[in-house]
Amino acid sequence: MNNEVRQLWSRRLDRTCAITGALTPAGLVIGNIGFEFIVAMVIVVWFIRLAVTYDNSFRFLGRHSLVIAWAAWFITIVISVVVNGPGSKGFIHDIAFMRYLFFGMALLDTARRVTVSQYLVYGLAAGVIWAAINTLCAHVSGYDLIGKPLVRYTAKLKEAARIAGMASYAAPFFMAWGLMDKGLGLQKKIAVIAIGLTAFALLLVIHIRTDLLAAAAGIFVISAYFVCKRVSLMTAAFLAIILASVTALFFLSENMLDLTSFYDRIYYWKVSYALWLDHPVFGVGVSSFQDAYKHKAASGTISAYIAPTGQVFKEAAAYSAHSLILMLLACTGISGFAAFVWLFVKAFQRILNDLSGFRIGLLTWPAVLSVLGITGCNIYHSWYQALFAFLIVLIGSNIGNQNESQKKYV
């Protein structure tokens with residue numbers, strides 16, 4: 001293969017990698033097969049490109065601050081499963097977290113040559129629209145566009161959980177971008193804000209409290225940013241009033257103030273904290289968490305939580321700690337927690353280094369991640385790992401590639 005042909009295929013494969021990666025939000029709406037296939041395809045296409053071009057991309061990736069911290073977090077997962085042994089999910093379950101790291105590496109490397117961030121932003125918007133259409137169809141006809149029943153959109157698992165998780169990041173991201181990017185034309189500004197509002201509407205329909213609060217926290221960050229930068233006090237006040245009103249109405253409707261699930265979580269936290277104390281450095285392992293939880297809960301060493309109503313909460317099984325901090329500590333100990341904090345800090349620094357264009361919307365990411373982590377999403381769940389990887393790549397990618405470093409995306 002001569003050099004000209006090699007370069008042609010390099011460009012084709014780069015573009016394929018970027019487009020495929022951008023489909024991740026749509027894959028989340030479809031289900032496990034959808035997003036796992038996309039993750040696998042990005043990795044395969046990237047490795048084919050490496051073979052075609054003889055490019056040593058690992059030299060660049062080995063110096064990338066996000067990749068270094070991300071790899072450190074993965075290493076703590078591996079160390080934990082080696083130290084503790086695999087749980088009922090098997091040894092491969094924990095090793096397979098490597099796929100999300102490689103997915104991120106593939107897209108971050110591709111971003112040196114292609115404006116990957118542009119594809120990802122369009123992909124996130126498409127994911128919101130696809131989720132809205134599917135949700136509407138499910139509520140109108142009883143089935144979504146691929147034949148899944150309405151119940152998967154009304155419970156707190158399956159499609160509802162994945163769509164709500166994505167929407168909690170997308171709603172404040174697009175609203176912030178649309179409101180604060182002065183480079184957007186009026187029509188684009190309206191379109192971007194409309195996508196953000198659509199994502200927020202999905203959260204209201206799905207009725208998962210933590211996800212709605214996470215999105216509200218992200219929007220609050222933007223309101224505070226308006227005030228600090230003195231961009232528009234009127235806009236900040238308007239956002240705050242609307243946000244407070246909608247959130248209050250949501251929680252006053254349909255028994256949203258019922259704290260039963262919160263009391264359950266208190267017991268989860270007690271057990272998870274005890275697991276970490278038993279294994280402070282490397283935790284009990286990700287694949288072993290559910291088994292370790294059952295054993296600890298059945299041991300009788302952790303007292304039940306008695307709610308103010310007199311109800312006794314002592315759940316015998318749990319799929320996660322329902323707390324980002326406790327899940328990190330229980331599964332991978334202080335080493336895994338430190339590695340994740342390292343990645344979080346590096347990502348936040350990347351955001352602050354460039355707030356131009358759509359990147360102003362990324363200011364909402366730390367708030368959404370943190371609030372979701374209080375009682376919500378399991379950071380080690382496959383769909384959340386895929387979404388997390390997608391967002392880390394968006395954070396780590398420049399608005400323009402290295403060859404077009406001054407190009408602005410609007």
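## Basis of the report

The model is predicted, and local features need pLDDT of at least 70, side-chain atom pairs count only at pLDDT 80 or more, and totals for chains, interfaces and linings use all residues. Residues are numbered from 1 along each chain as its sequence is written, while side-chain values use heavy atoms, with hydrogens and water left out.

## Cysteines

A disulfide is a covalent bond between the sulfur atoms of two cysteines. Here a disulfide is taken as a pair of cysteine sulfur atoms within 2.5 Å, and by this rule the count is zero.

For Cys331, the closest cysteine sulfur belongs to Cys377 and lies 15 Å away, which is too far for a bond. Cys331 is buried, with 0% relative accessibility; the term buried means under 20% relative accessible area, exposed means over 50%, and partly exposed lies in between (1.4 Å probe, protein chains only). Cys137, by contrast, is partly exposed at a relative accessible area of 24%.

## Salt bridges

The whole structure contains 13 salt bridges, each defined as a side-chain nitrogen of Lys or Arg within 4 Å of a carboxyl oxygen of Asp or Glu. A network of salt bridges links Asp14, Arg49, Asp55, Asp109, Arg112 and Arg113.

In the pair of Asp55 and Arg49, the closest N and O atoms are 3.3 Å apart; Asp55 is partly exposed at 28% relative accessibility, whereas Arg49 is buried, at 5% relative accessible area. In the pair of Arg112 and Asp109, the closest N and O atoms are 2.7 Å apart. Arg112 is buried at 17% relative accessibility, and Asp109 is buried at 0%.

## A salt bridge within a helix

Arg162 and Glu159 also form a salt bridge, with 2.7 Å between their closest N and O atoms. Both residues belong to helix α10 (residues 158-180), where they are three residues apart and therefore separated by about one helical turn. Arg162 and Glu159 are both buried. Helices (H or I, at least four residues) and strands (E, at least two) are DSSP runs, numbered from the N terminus.

## The largest cavity

Two cavities of 30 Å³ or more are found in the whole structure. A cavity is a set of points, on a 1 Å grid over the protein atoms alone, where a 1.4 Å probe fits but cannot get out, and its lining residues have an atom within 4 Å of a point. Grid points are joined across faces, edges and corners, and a volume is the space filled by probe spheres set on the points.

The largest cavity has a volume of about 70 Å³. Its lining consists of Leu124, Tyr169, Ala170, Phe173, Gly361, Leu362, Thr364, Trp365, Val368 and Leu391. Two or more of these residues come from each of α10 and α17 (365-375), and the largest share, three residues, comes from α10. Eight lining residues are nonpolar, two are polar and none is charged. In this classification, Ala, Val, Leu, Ile, Met, Phe, Trp, Tyr, Cys and Pro count as nonpolar, Asp, Glu, Lys and Arg as charged, and the others, Gly among them, as polar.

## The second largest cavity

The second largest cavity holds about 60 Å³ of space. It is lined by Trp70, Trp73, Phe74, Ile77, Phe97, Leu101 and Gln385. Helix α5 (residues 65-84) gives the most to this lining, with four residues. By class, six of the lining residues are nonpolar, one is polar and none is charged.

Conventions. On a 1 Å grid over the protein atoms alone, a cavity is a set of points where a 1.4 Å probe fits but cannot get out, and a pocket is an open set with protein on both sides within 12 Å along at least five of seven lines; lining residues have an atom within 4 Å of a point.
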